[in-house]
Amino acid sequence: MKRRAFLAAPLALLAPELRAEPVAYPLVEPRALAFPRDHGSHPEYRTEWWYLTGWVRDAAGNDFGVQVTFFRNRPGLAESSASAFAPRQLLFAHAAVADPRHQRLRHDQRARRAGFGLVTASEATTDVRVDDWSLRLDGEVYRADVTGRDFALKLAFKPTQPILLQGDRGYSRKGPDRAQASFYYTRPHLAVTGTLDVDGTARSVTGSAWLDHEWSSEVLSRDAQGWDWVGLNLADGGALMAFRIRGKSGETVWAGGTLRDAAGSVRTFPPDDIEFAPTRRWRSSRTGVEYPTAFRLRAGALSLSIEPLMDDQELDSRASVGTVYWEGAVRAIADGREMGRGYLELTGYWRPLKL
Amino acid sequence: MRSHVTSWGAVTGGAFRANAGRLALSVAAIALGVALGYAVQLINQAAVNELSAGLATVAGDADLEIRGPRAGFDEQLFVQLAGESEVALASPVVEVDAKLARESGELRILGIDVFRAGPIQPGLIGEGEDGLDTLRPDTIFLSTSAAEALRVRRGDTVDVLVGLSPVELRVAGVLSAQATGRLAVMDIAAAQDRFGRTGRLTRIDLRLRPGADADALKQRLRATLPPGVAVEKPQASLRAATSLSRAYRVNLNVLALVALFTGGLLVFSTQALAIVRRRTQLALLRVLGMTRRDLARKLVAEGAIVGAAGAALGLAAGYALAAVAVRFFGSDLGAGYFRGVEPRLGVEPWAAFLFFALGVGAAVLGSLAPALEAARAQPGSALKAGDEQRALERLRTPWPGIALWLAGLGASFLPPVRGLPVFGYVAIACLLVGTIMLMPRVAHALLRAAPRPRAVPGALALDQLRGAPGQASVSLAAVVASVSLMVSMAIMVASFRQSVDDWLDRVLPADLYVRASMSTDTAYLSPADLDRLAAVPGVRRIEPLRAQQILLDPDRASVALLAKPVDATDPTKQLPIVGTFVVPGSDDPPPAWVTEPMADIYGFTPGSRIELPIAGRRVPFLVAGVWRDYARQQGAVMIGRDTLVSLTGDANANAVAFWLAPDATLDAVSRALVAAIPGGGHLEVATPGEIRDVSLTVFDRTFAVTYALEAAAVLIGLFGLSSSFGALVLARRREFGVLRHLGMTRRQVGAMLAAEGFAVSAVGLAVGLAIGWLISLILIYVVNRQSFHWGMELHVPWIGLGILGAALLALATLTALVSGRRAMSVDVVRAVKDDW
Amino acid sequence: MLSLRDVTKAYAGPRTRTVLSGIRLELARGDYIAVMGESGVGKSTLLNLVAGLDRPDAGEILVDGVDVTRLDDDALTVLRRARMGFVFQAFHVLPYLAVGQNVALPLALLGVPGRDADARVAEMLAAVGLADRGASMPRELSGGELQRVAIARALVHRPAVVLADEPTGNLDPESAAQILALLRERIKASDATAILVTHSHAAAGTADRILTLTRSGLRDGAHA
């Protein structure tokens with residue numbers, strides 16, 4: 001699934017709006033994904049995102065969490081407009097860098113309507129541009145180029161493993177209703193090289209990252225409050241994704257997950273096999289919101305302790321996109337040993353995510 | 001020193017108390033002058049502030065802005081600019097003045113890309129019930145003042161006219177207070193779709209990357225932008241936006257300062273006479289050891305006290321006046337410069353200080369001459385009784401006055417300074433002050449020439465005035481100043497009005513006029529509409545008029561581009577051509593006829609070849625004539641309808657003139673026209689007579705303020721007359737005592753005073769009329785021409801001036817009589833004994 | 001010619017000040033008296049009452065048999081214009097009128113035709129020794145000359161009553177003597193009844209008779 005709180009609120013674009021022109025969005029039904037076509041954009045669907053998260057390290061040994069997201073939305077407006085500015089397709093981009101020395105996230109974002117070759121999402125392969133921000137699949141390598149207010153990154157992400165199709169061949173259930181589903185595949189264990197600039201000097205970094213590409217037309221059930229999601233590149237070459245959708249009283253409404261072990265065998269977890277048990281809570285002094293930033297995660301027989309790179313990876317995007325959530329680099333620990341690294345996303349702890 | 005100060009305080013205080021009535025008048029006059037000036041300043045400033053705040057909302061904190069004609073430019077320019085390496089963000093805007101369908105009036109609608117406008121123009125971002133309201137094709141956000149003006153709230157609808165069909169827009173919210181001015185915001189795509197602007201933009205605001213050189217980029221872009229598209233820093237567009245009203249504002253300010261000027265003259269009269277009355281007292285102080293300089297300084301300080309009191313009162317009154325005026329007449333005081341601007345008065349310390357200083361300055365200047373005169377007097381002779389008269393008898397050398405006159409005449413031939421008739425004002429000031437300085441001589445000559453009446457009071461009055469021309473001149477200064485200013489304004493306004501009247505005759509030759517909208521971008525008549533209208537029974541001929549706007553100079557307001565069928569071999573039939581016209585030859589470019597402001601500002605003279613930016617191209621035209629147009633101060637260019645259609649494909653019309661068949665009736669045709677086309681009910685149908693009436697009403701409303709300011713000047717003039725007469729009568733009460741002894745009845749003394757008042761006023765009127773006539777020439781041919789570029793014919797309203805003169809004469813005589821009466825009520829009999 | 005009968009005058013104020021009380025005076029045609037008295041005793045008030053410029057609180061003032069206390073202001077003014085002449089301490093020659101015009105003023109007010117008036121003015125100016133100064137402006141004249149003009153103006157219309165209030169107060173003794181002589185001469189020449197108010201014994205001495213005004217009334221003789 002994914003998520004993505006900032007995408008949710010900007011202009012609450014995820015919302016199935018009553019007033020929107022009636023648009024027939026295609027339903028998500030199991031089908032075989034075809035690449036490279038399905039690396040590209042699917043503009044007929046309501047929402048779509050390319051979501052990169054990863055850990056990088058500079059020459060001095062400093063760890064950074066990096067997140068780059070491009071998001072596409074078809075609001076169902078101006079479908080018949082003659083204007084080149086018609087807001088038929090909206091693109092958003094978001095990037096954040098977690099720097100433990102800084103103890104806060106650096107982040108920035110772009111929101112645009114598609115058009116004029118300035119803001120585009122190719123249907124042929126992954127090639128998304130929002131003005132000067134871009135993510136594209138160049139041969140086998142993903143390249144992200146982002147310049148924010150107080151950071152810049154130019155990173156290449158080279159796949160080292162095959163594509164991991166989530167759910168049923170890429171058909172991923174998001175709720176009890178079969179329509180609540182998305183197409184979802186993951187590129188775990190991307191080898192990262194490139195430059196990261198967080199304090200005015202570009203530094204060479206290397207690391208490991210995770211790409212999700214997901215598109216759908218239907219959204220969450222109405223009683224969802226938010227979700228907890230985690231994606232981990234395991235140290236042994238395995239990859240684990242787990243999520244749960246929380247109800248209004250914190251109960252788990254739906255859950256799911258996938259584990260691909262080092263040997264490449266994939267196990268998809270039913271809802272009952274996933275369990276998120278908070279072990280530590282952290283309260284933001286800025287917003288007063290309390291997040292469970294550490295978990296005990298159970299996925300089938302696998303039990304991991306999820307610990308954040310730093311507690312304060314809160315994103316306060318009220319001024320621009322209207323919500324507050326937590327998205328950050330985490331470690332997976334078992335028996336005192338680091339078993340993997342990845343990203344954790346916590347939404348709906350500020351206010352119910354308005355979808 | 002202390003006792004010295006105290007004693008002076010006693011002298012001044014005593015003088016103030018003894019002189020309380022006239023002192024109050026002086027304070028009132030200064031207060032009136034300051035109040036008018038400050039009020040005008042406040043109102044103008046409020047309007048300009050509001051206008052700039054409105055522009056600032058639109059421009060946000062852009063580093064550069066690209067502005068094009070109202071018809072817009074190709075949106076590909078946006079792509080080009082967004083791709084410039086220095087540009088961090090480009091915010092495209094489609095701006096239209098939309099005609100409201102349900103009520104009269106218009107609404108400025110900005111079509112914005114909410115994503116790109118957000119960081120640059122945050123004030124334009126509305127908050128809807130959901131985020132999509134900023135993108136929906138049928139939603140609109142209103143500024144607070146627009147919502148107030150249209151009396152709508154979130155959820156209500158606003159109908160605007162596109163062509164002649166209403167388009168309903170849902171009010172999705174009200175913009176924050178940051179968005180000032182009467183405007184509305186909607187999605188840029190919706191604006192393009194709804195208002196027929198597909199592919200067009202009217203402006204692009206640029207935010208540059210940190211470190212980028214805005215000026216360098218501006219220079220580079222200037223070379224590449226299509227014709228008629230300008231790139232400027234936001235301040236420049238504010239300048240352009242306010243340039244149109246600048247001359248009007250400055251003229252109004254100057255007019256208000258005239259009131260202050262006459263107020264200063266009043267202080268002069270009062271102080272002069274008060275000092276004369278205290279002459280022996282002051283001489284005594286000199287004898288007792290006060291130096292000349294001390295005396296002069298202290299007398300001037302008295303003037304300053306009067307000025308400060310008046311100025312303080314004036315500031316308060318001015319604020320109140322401005323508040324009332326803005327509330328009831330709007331910030332343009334009815335002149336129509338600031339439509340859609342909702343002014344709020346703001347007190348700026350510098351303005352308050354400036355007008356306070358002007359008030360004090362006027363009073364100080366007014367008391368300077370008498371103070372110096374008093375200080376110059378020989379204390380010995382001043383101590384002798386009867387010397388009061390002598391002070392006023394002296395005729396000074398005429399040369400400074402003559403020099404000022406010549407300087408004034410010379411200044412009237414100088415060109416404007418930055419679009420303002422600075423030397424015109426200088427000329428008027430020189431002529432006025434010069435005249436006032438020459439007044440003793442002029443009065444002397446005129447009174448010498450006057451026949452001596454047979455009746456004793458009249459004869460005595462004349463003798464008295466002839467005997468002391470200086471004294472008469474003191475009263476005359478304020479009268480001459482106010483009369484001449486009033487007369488000059490009356491002549492100028494009458495000339496203007498008559499010229500407008502004549503002009504209306506020439507520009508309204510048809511039988512009937514139908515209008516979709518002249519000033520908005522959205523309402524128009526389509527070619528199909530025109531065909532239907534032409535086919536209405538009783539219609540013999542139609543003449544469609546299209547109005548667009550083009551930008552010739554980024555520092556100035558847009559110019560109207562008009563198109564209608566014009567007979568190039570004789571354009572006088574369709575246009576009020578001024579001077580000669582040129583018939584274009586076969587190898588000439590198409591003809592364009594420009595208005596007087598265009599000829600003045602841009603130097604478009606008949607026969608010259610010009611290029612106009614139309615449809616993104618530089619199109620050559622031949623200036624085939626200059627025509628008079630009082631409707632568009634920014635200037636207008638008329639081209640043939642066929643030319644415009646072939647250049648732009650725009651065959652719509654804003655208005656149509658109809659010539660009817662002989663047997664057709666206006667009523668029947670009007671009704672048929674409205675019924676002939678869909679949306680015909682939105683048309684305005686008017687006869688030439690109705691248009692003339694409306695135009696002249698607008699004209700009169702525009703000049704209502706000038707009338708008010710004039711009336712204030714005259715009022716102050718009468719104050720001056722009353723004040724100086726009262727003072728004179730007091731000073732002459734011994735003389736009246738003698739005359740009473742000699743057997744003059746009270747009535748005869750009154751008659752004598754009335755006769756003096758009459759004679760002084762007559763002289764003042766005569767001189768005021770003459771100078772007023774002269775100043776009116778400067779107003780018409782220099783100030784007006786340079787300020788507004790309007791040509792007009794001199795037209796002296798003899799009857800009105802006659803009535804005005806008679807009324808003023810009567811009023812002045814009465815004023816003299818009343819102030820004489822009041823002064824006579826003191827015991828003049830005892831005054832013969834009263835040897836200081 | 002001139003009768004004052006029990007004339008009383010008081011000025012209202014915080015303390016009412018009685019200035020004149022029970023004044024009686026009878027003057028025949030041609031009488032020329034001088035009134036002396038301390039400052040503030042009411043000499044000028046007496047003149048003002050006679051001139052009708054002030055009204056008594058009680059008593060009658062008859063000029064030529066007419067009780068001036070019963071006349072209204074206009075009638076009084078006309079009476080003054082026709083029957084009285086004034087000479088003031090400060091001359092009060094109108095500065096903006098030429099000497100001749102000043103002298104002609106009473107005649108003009110009486111409506112005497114121009115030619116007659118001119119003759120009378122010329123005659124009067126000659127009589128006061130200013131025959132060639134008719135066109136001069138007052139500012140060109142000395143104090144003594146100004147007072148001559150005033151005397152000419154006071155007598156040009158042949159008034160029945162002449163009232164002079166310290167006519168030499170502003171003049172040097174020599175000029176004063178000349179003026180007093182001239183005044184007496186002109187008064188006698190026109191057979192007018194005259195009252196001269198003065199502090200000066202010398203001046204008073206030129207009158208036919210001297211009266212002294214005291215708090216208790218008018219008494220004959222000069223008191224120092």
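Analyst: In chain C, an open sheet of six strands runs in the order S6-S7-S8-S3-S9-S10, and its pairing is mixed. Strand S6 (84-87) and strand S10 (217-220) of chain C stand at the edges with a single partner strand each, so one side of each has no neighbour in the sheet. Averaged over the sheet, and with direction ignored, neighbouring strands are turned by 20° against each other. This is a predicted model, and the description should be read as such.

S6(C) is joined by four bridges to strand S7 (residues 161-165) of chain C, and the two run parallel.

The antiparallel kind is found in another sheet of chain C, an open one of four strands in the order S2-S1-S4-S5. Here the edge strands are strand S2 (17-27) and strand S5 (66-67) of chain C, each of which pairs on one side only. Strand S4 (residues 58-63) of chain C is joined to S5(C) by two bridges, the strands running antiparallel, and C:Leu62 stands opposite C:Asp67 in S5(C). H1(C) packs on this sheet, where the helix touches strand S1 (2-11), S2 and S4 of chain C, and the direction of H1(C) makes about 120° with that of S1(C).

Turning to the helices, H3(C) packs with helix H5 (residues 143-155) of chain C at an angle of about 30°, and their axes are 7 Å apart. Angles under 35 degrees count as roughly parallel, and H3(C) and H5(C) are therefore roughly parallel to each other. The crossing in which H3(C) passes H5(C) is right-handed. On the side of H3(C), the residues that meet H5(C) are C:Val99, C:Asn102, C:Val103, C:Leu105 and C:Pro106, and they face C:Val149, C:Ala152 and C:Arg153 in H5(C). By class, the residues of this contact divide into six nonpolar, one polar and one charged.

Two of the helices already described return where chain C touches chain B. That contact takes 24 residues from chain C and 22 residues from chain B. On the side of chain C, the elements that give two or more residues are helix H1 (43-51), helix H2 (73-83) and helix H3 (99-110), with H2(C) giving the most, six residues. The residues on this side of chain C divide into 14 nonpolar, five polar and five charged.

For a helix pair in chain B itself, helix H16 (residues 456-467) and helix H24 (residues 746-788) of chain B pack at an angle of about 50°, with their axes 8 Å apart. H16(B) and H24(B) are therefore oblique to each other, and their crossing is right-handed. Among the residues that make this contact are B:Leu460, B:Ala461 and B:Leu465 of H16(B), together with B:Ala751, B:Met752 and B:Ala755 of H24(B). Sorted by class, the contact of H16(B) with H24(B) has 11 nonpolar, three polar and one charged residues.

Technical notes
Residues numbered from 1 in each chain as written. Chains lettered and ligands numbered in written order. Predicted model: local features only at pLDDT ≥ 70, side-chain atom pairs only at ≥ 80, totals over all residues. Pairing = 2+ DSSP bridges. Axes fitted to C-alpha atoms, helices over the stretch in contact; angles between N-to-C directions. Contact = placed C-beta atoms within 7 Å. Nonpolar A, V, L, I, M, F, W, Y, C, P; charged D, E, K, R; others polar. Parallel < 35°, antiparallel > 145°, perpendicular 65-115°, else oblique. Left-handed = near helix turned anticlockwise from the far one by under 90°.
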